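Dear colleague,

I am handing over the structure below for your records.

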Amino acid sequence: MDMTNTPSHFVTPDQQALADQAYKFFFSEFHHLNAEMDDSDDLPASVFPTLGKMGYLGLNVPTQYGGAGLDFTSACMITEELTRANAAIGLTFLAHDNLCVNNIYRNASEEMRQKYLPGLCDGSLIGALGLTEPGAGSDALGAMKTTARKDGDDYILNGSKIFITNGPIADIVLVYAKTSPEKGAHGITAFIVETTTPGFKVAQKLNKMGFRGSPTGELVFEDCRVPAKNMVGRLDGGVAVTMSGLDLERAVASFCATGVARRALEISIDYAQTRQQFGNPIASFQMVQAMLADMYTEIEVARSLAFRTAAMCEGLEEGKGGRGDIHKMTAAAIFQAAKANSFVLDKAVQIHGGSGYMRDTEVNRLYRTGRVLEVGAGTQEVRKIIIAGELLKNG
Amino acid sequence: MTDQTGPSTADIAEIKANYALTDDQRAILDHVERVAREVLHPLQEKMDAEEYWPEDLFAKMGELGLLGITAPIEMGGSGQDEFTQALVSEIVSKWNPAVGLSLGAHDNLCLNNLLRNGSDAQKAKYVPGLCSGEIIGALGLTEPGAGSDALGAMATTATRDGDEYVLNGSKLFITNGPIADLVLVYAKTDKSKGAKGISAFLVETTTPGFKVAQKLDKMGFRGSPTGELLFTDCRIPAENIIGEENTGVSIVMSGLDLERAMVASMCVGMAERALELALEYAQLREQFGKPIARFQMIQSRLAEIYVDVEAARSMSYRALAACVGLPKGGGGRGEIHKLTAASVHYAAEAFNRAVTSANHIHGGSGYMQDTEINRLYRANKLLEIGAGTSEVRKIIISQELLRG
């Protein structure tokens, strides 16, 4: 079964060819790592260099900095194929390539770009982003406690960040901190922090239900001194960086969800055709057929919306987004994709019966993995608040 | 950045153009939006209350350029593709669902099928009248005993007799049936061949032996006349057969793919209207001293309606784009069969959720028959039934998924 050739108004043949090629490579390199990564919760050291060597890092970064120089839609499609082959690597890749690398490229100074992007693009540096804190989840900006205080040519960071994808292995973390706490959300600034800096510590590696093998951690900053030139964007301008970055993150994350869901449908079709009950493959029963049809429908609808949204993100200027149509649409795309993914995964386990409940099956790994896509990059509730806020703005 | 190492401005423009309407399409849609709002929207109330179809409405739609969207300009049409036709259907359905339904039966089911499958002589004879609205079109497939199993259980027959075919049988739930001048009718020409023994015919409703047995009383889409048609030794000229004898199945199946893609557009238009009404009401209606739109539970509903509308729209556009330029007899299998079935399956269920929630936001007033939201609510159920039930749509999708 091959769904990669689904006719689409929204995708050019070049983009599709790139995605097909990527999937072949990702499947042969990374699919067989799934079981071991899930058991050990470790990321094999070879993953980032492999991605870098094949040109899959810095997808939206121009080639002069070592990136792939691709359009945004192509980056989204490659992310989808990677997640389809190995969801945990897909998540780790998203945190690195979109949250960290793309944000640095879009918002950092030329000096910072030249210093960090080549390493981030060849896989010698691993990136992460630190926004969420123990007390600042949905209210990430308002409740942020981490501070950055100016001291000579440095800023001194204090505070902690939690649920940080790649946190335990990152070399570079793009960290948001309050530079003017009295200004609330408008007193936030973004900094590039090298994790070898004294005062930076990985407080703990967290034990997740799914996406295991993509390391997640809590980061602590104790009088962590960062050069002022490591500031990304302008002083107190972090909110624009975050909000614009979050729109793009939501658009890409939609494709993580559809990648997981596509894989779940593929293995469900295989299983339904193989598994015999009452003397027939269970795929011959209408109730199973209805589940498969609904799964397909949810996936392709989510993909259609995600493709349309990705196209809206093409050429989005630095600091743009975070309001208006693109803000509403990216929130809608991830809301729909995450919802579709949860629906698909639930049906996929249902079709697999008792075997789908066993931890070491692929469908069970996907099932444990999918849930967080309704939580990360803004919960479903935050996404709805964004949409409703935009809908009611002109009223 | 102006460097040559990332996607060029031209590349980005090309990617964005994949989603954008052409200037031509934009102009047509702006026009349709205006006339639908000004001319068709005010007709809703009387049409619904009295199951009333304004007698001159097809002629007026012809004048306004709403008919024959895909017909060649020299035959009186607009010379546009099916994508544009679907967008017209979306807008008309948004402002008047009953007119949207009748327009779909006329312009897509009858006229598109004739354009795609008819002979030059047939097109010359009927297309100009269908484009001007002088001739009203319909399509007859469903029968009292043949719904989801439309082809297998079809009982209407056409027997060759000299230069004529003699039709006997009945067709049920036929949109425009009571007012049609021309019906594209499917009938069995070879009963022994089952679905492969079906042919399509053009039947003028003035032909002796043709009768409207009854006009049906619908819950929603009221005003769009629906009827039961009877054929009793109804003699039509042999030249009125569409395509070859016993090739009806490919006409039906290919036509149905397009129909499903178009029905999805109706759902999108109507769901969008439900969202507009709900937004308007939620901002006006005050409870506990403030507009109900300020409450998160209402905001949650509004956001979910929006997502359903835009998700259905995205899928619908993608499926429609795949239909443009579909060759004669194409479709009825493969990716497009699956994609169009999924498009309408999702759009119909999305509209159901959207209009149910929008109606809920309207509280007690939404339960009153004479409100626009209630009309939309009553219209909704048909879209999970017509052009293949949700179950038929799922059978199509799963068959394609399980093939090979």
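**Chain B: burial and overall form**

Of the 404 residues in chain B, 54% count as buried. Please bear in mind throughout that this is a predicted model.

Chain B contains 12 helices and 10 strands. Its radius of gyration is 22 Å, which agrees with the value near 22 Å that a compact globule of 404 residues would have. Taken along the principal axes, the C-alpha atoms of chain B fill a box of roughly 75 × 60 × 45 Å. Among the contacts in chain B with a separation of 6 or more, 75% are accounted for by residues 24 or more positions apart.

**A hairpin in chain B**

Strand 2 (residues 157-161) of chain B pairs with strand 3 (residues 164-175) of chain B in the antiparallel sense, over five bridges. Within this pairing, B:Thr157 has B:Asn168 of strand 3 as its bridge partner. The two strands form a hairpin with two residues between them. In the turn, B:Gly162 has a positive phi of about 65°.

**Chain A: overall form**

Chain A has 11 helices and 10 strands. Its radius of gyration of 21 Å is close to the 21 Å that the globule rule gives for 395 residues, so chain A is as compact as a globular protein of that length. The C-alpha trace of chain A spans about 80 × 50 × 40 Å along its principal axes. Buried residues amount to 58% of the 395 residues in this chain. Of the contacts in chain A with a separation of 6 or more, 75% come from residues 24 or more positions apart.

**Domains of chain A**

The domain assignment divides chain A into domain 1 (13-126), domain 2 (129-232) and domain 3 (238-391). The centres of domain 1 and domain 3 of chain A, taken over C-alpha atoms, are separated by 20 Å.

How many residues of domain 1 of chain A are in contact with domain 3 of chain A? There are 24 in domain 1, and they are in contact with 25 residues of domain 3. On the side of domain 1 that touches domain 3, helix 2 (34-40), helix 4 (72-85) and helix 5 (87-107) of chain A each supply at least two residues. The residues on that side of domain 1 comprise nine nonpolar, nine polar and six charged.

Yours sincerely

Note on methods. Residues are numbered from 1 along each chain as its sequence is written. Chains are lettered from A and ligands numbered from 1 in the order in which they are written. This is a predicted model: local features need pLDDT of at least 70, side-chain atom pairs count only at pLDDT 80 or more; totals for chains, interfaces and linings use all residues. Two strands pair if DSSP finds at least two bridges between them. Helices (H or I, at least four residues) and strands (E, at least two) are DSSP runs, numbered from the N terminus. The radius of gyration is taken over C-alpha atoms; the globule rule is 2.2 Å times the number of residues to the power 0.38. A residue is buried if 20 or more other C-beta atoms lie within 10 Å of its own, exposed if 12 or fewer, and partly exposed in between; C-beta atoms are placed from the backbone. Two residues are in contact if their C-beta atoms, placed from the backbone, lie within 7 Å. Domain bounds come from an automatic or database domain assignment. Ala, Val, Leu, Ile, Met, Phe, Trp, Tyr, Cys and Pro count as nonpolar, Asp, Glu, Lys and Arg as charged, and the others, Gly among them, as polar.
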